[in-house]
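Me: I have a structure open and some quick things to ask about it. Can we go through them one by one?

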Amino acid sequence: MAGVGGGNDFQWCFSQVKGAIDEDVAEADIISTVEFNYSGELLATGDKGGRVVIFQREQESKNRPLSRGEYNVYSTFQSHEPEFDYLKSLEIEEKINKIRWLPQQNAAHFLLSTNDKTIKLWKISERDKRAEGYNLKDEDGRLRDPFRITSLRVPVLMPMDLMVEASPRRIFANAHTYHINSISVNSDYETYLSADDLRINLWHLEITDRSFNIVDIKPANMEELTEVITAAECHPHQCNVFVYSSSKGTIRLCDMRAAALCDRHSKFFEEPEDPSSRSFFSEIISSISDVKFSHSGRYMMTRDYLSVKVWDLNMENRPVETYQVHEYLRSKLCSLYENDCIFDKFECCWNGSDSAIMTGSYNNFFRMFDRNTRRDITLEASRESSKPRAMLKPRKVCTGGKRKKDEISVDSLDFNKKILHTAWHPKENVIAVAATNNLYIFQDKMN
Amino acid sequence: MEDIKSEETNVAEQKDEENKICLEKMEEAKLKAKYPHLGNKPGGSDLLRKRLQKGPKYFDSGDYNMAKAKIKNKQLPAAQTEKAEITGDHIPTPQDLPQRKTSLVASKLAG
């Protein structure tokens with residue numbers, strides 16, 4: 001079947017899968033965020049156990065021209081640890097909510113990782129040389145007796161096995177009363193924003209003891225609380241612009257030049273809804289779980305429970321494109337409310353050219369939509385289709401009546417197998433899909 | 001080009017919309033049948049406040065003893081069912097506590 005995200009001859013193929021095979025999934029191993037860096041050379045994952053694993057793409061080898069570079073472990077470290085808020089008797093989870101890379105400016109790589117309360121700037125650097133021939137100490141580190149030193153020598157740099165070190169360079173703490181859901185690096189490469197349920201703060205990457213509050217939607221009386229902030233992102237080119245989405249399905253675009261406190265939006269995006277069509281579930285399923293600007297900066301995409309919408313920043317009154325992710329779940333809303341699945345927060349992402357978008361679903365299915373051809377495809381991340389370079393077969397959910405061969409019925413879907421986090425390589429057709437505790441990497445067949 | 005769009009497609013779209021609304025209302029009826037005490041405003045402050053409080057709340061001996069003193073002879077409030085409000089009076093008891101975390105080990109993605 002003609003594929004999505006590329007030309008007509010496009011086909012997604014399995015490339016790699018990382019993680020344990022056994023059925024018993026330890027909670028700490030559940031992947032909570034996936035992010036490529038700006039070049040796509042590095043792929044970072046964060047998990048519920050507070051750990052970060054970074055994969056690096058192998059250089060393409062001349063011996064195996066057909067297989068694109070594989071991603072192998074580059075560095076792994078414990079980013080956050082569980083903490084306890086003694087004042088409120090609450091545990092602060094070490095789960096990594098988001099990772100965002102900084103653009104590379106020197107040999108080292110920098111990323112921001114955050115849990116519910118604290119953001120950290122990590123420096124990942126390589127060491128492949130070590131100095132030998134010190135004057136004041138031996139090769140094994142023991143200090144030499146200074147009186148025994150009769151001649152001076154210049155230490156020489158010798159090659160050593162590559163060591164990748166991660167060190168925390170900045171800790172941005174104590175600025176969020178509520179749970180951080182988003183971080184976003186600004187295009188000025190100097191500042192970044194962090195958003196929790198009720199507030200958004202602007203930080204300078206060099207300054208940890210101070211941050212500016214730029215949005216505050218906390219009502220004076222908490223009984224009057226009607227919506228919370230669900231996601232926020234900086235504009236990719238305009239460093240004064242950012243957006244934040246709400247649990248009521250609206251998006252506000254703010255301009256930091258207009259005022260110090262951006263409580264008043266510059267643009268308000270909302271799709272009109274007929275009040276008579278509202279049900280108990282309407283507001284819950286309209287809650288936006290993710291918002292992402294297109295690379296061009298002209299559009300933004302929002303993910304709510306059942307659909308993905310593309311908005312033109314110049315048009316506030318409705319989205320320009322709406323894609324149904326799993327419309328068949330509308331007849332299951334009652335049980336999805338009972339098992340809390342209706343509150344699952346799916347993310348979405350653009351491909352490098354903004355021609356395609358991807359988002360996850362249940363049963364380890366994920367969906368891709370081609371904006372130009374309007375074709376869509378459902379694929380599955382499963383160990384069964386995990387032979388090297390095996391082509392992925394499109395999947396189909398049948399909603400009722402006769403189930404065709406190879407189709408799966410809505411009632412057979414596994415709602416514990418959710419794909420909440422996916423990432424698309426910034427330049428190529430390589431995607432990373434997190435399926436609970438496993439990370440799948442798929443590539444296109446054409447090289 | 002828009003004018004050429006046939007009447008049929010418009011009607012079909014409208015039917016789709018009506019179907020959607022119908023399905024949702026049917027699901028709503030199912031839910032109300034199971035949980036008659038559920039309020040009418042699901043997106044309201046109760047749900048949001050529950051969301052803001054996300055995370056396990058641990059046993060606090062100060063709260064516990066003060067609550068015990070208030071109630072005197074009566075039993076402490078039992079753990080609420082999932083769908084009811086979590087009010088400020090819910091004192092976690094030792095029975096409510098989740099298990100302690102295991103020690104930190106390396107990620108299996110790196111192995």
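Reply: One term to start with: buried means under 20% relative accessible area, exposed means over 50%, and partly exposed is in between. Also, this is a predicted model.

Me: ok. Cys13(A), buried or exposed?
Reply: Cys13(A) has a relative accessible area of 5%, so the residue counts as buried.

Me: and Cys22(B)? What does that one count as?
Reply: Partly exposed, because its relative accessibility is 45%.

Me: how many disulfides are there over all chains?
Reply: The structure holds zero. A disulfide is a covalent bond between the sulfur atoms of two cysteines.

Me: which cysteine sulfur is closest to the one in Cys22(B)?
Reply: The one in Cys334(A), at 15 Å, so that pair is also too far apart for a bond.

Me: new topic. How much area do chain B and chain A bury between them?
Reply: About 4,300 Å², with 59% of it on carbon and sulfur atoms. Three residues, Glu24(B), Leu52(B) and Leu109(B), supply 17% of the area that chain B buries against chain A, more than any other three.

Me: how many residues does each chain put into the contact?
Reply: Chain A gives 63 residues and chain B gives 40 residues.

Me: which helix of chain B supplies the largest share of the side that touches chain A?
Reply: That is α1(B), with eleven residues. Helices α1 (7-34) and α2 (45-52) of chain B each supply at least two residues of that side.

Me: what kinds of residues make up that side of chain B?
Reply: They divide into 17 nonpolar, 16 charged and seven polar.

Me: last one, Lys30(B). Where is it?
Reply: Lys30(B) sits in helix α1 of chain B, and at 45% relative accessibility Lys30(B) is partly exposed. Apart from its neighbours within four places in sequence, Lys30(B) is in contact with Ser331(A) and Cys334(A).

Me: and how far is it from Ala12(B)?
Reply: The C-alpha atoms of Lys30(B) and Ala12(B) are separated by 27 Å, and the two residues are 18 residues apart along the chain.

Methods. Residues numbered from 1 in each chain as written. Chains lettered and ligands numbered in written order. Predicted model: local features only at pLDDT ≥ 70, side-chain atom pairs only at ≥ 80, totals over all residues. Heavy atoms only, no water. Contact = heavy atoms within 4.5 Å. Buried area = accessible area lost by both parts, 1.4 Å probe. Helix = DSSP H or I, 4+ residues; strand = E, 2+ residues; numbered from the N terminus. Nonpolar A, V, L, I, M, F, W, Y, C, P; charged D, E, K, R; others polar. Disulfide = S-S within 2.5 Å. Buried < 20%, exposed > 50% of the residue type's maximum accessible area, 1.4 Å probe, protein only.
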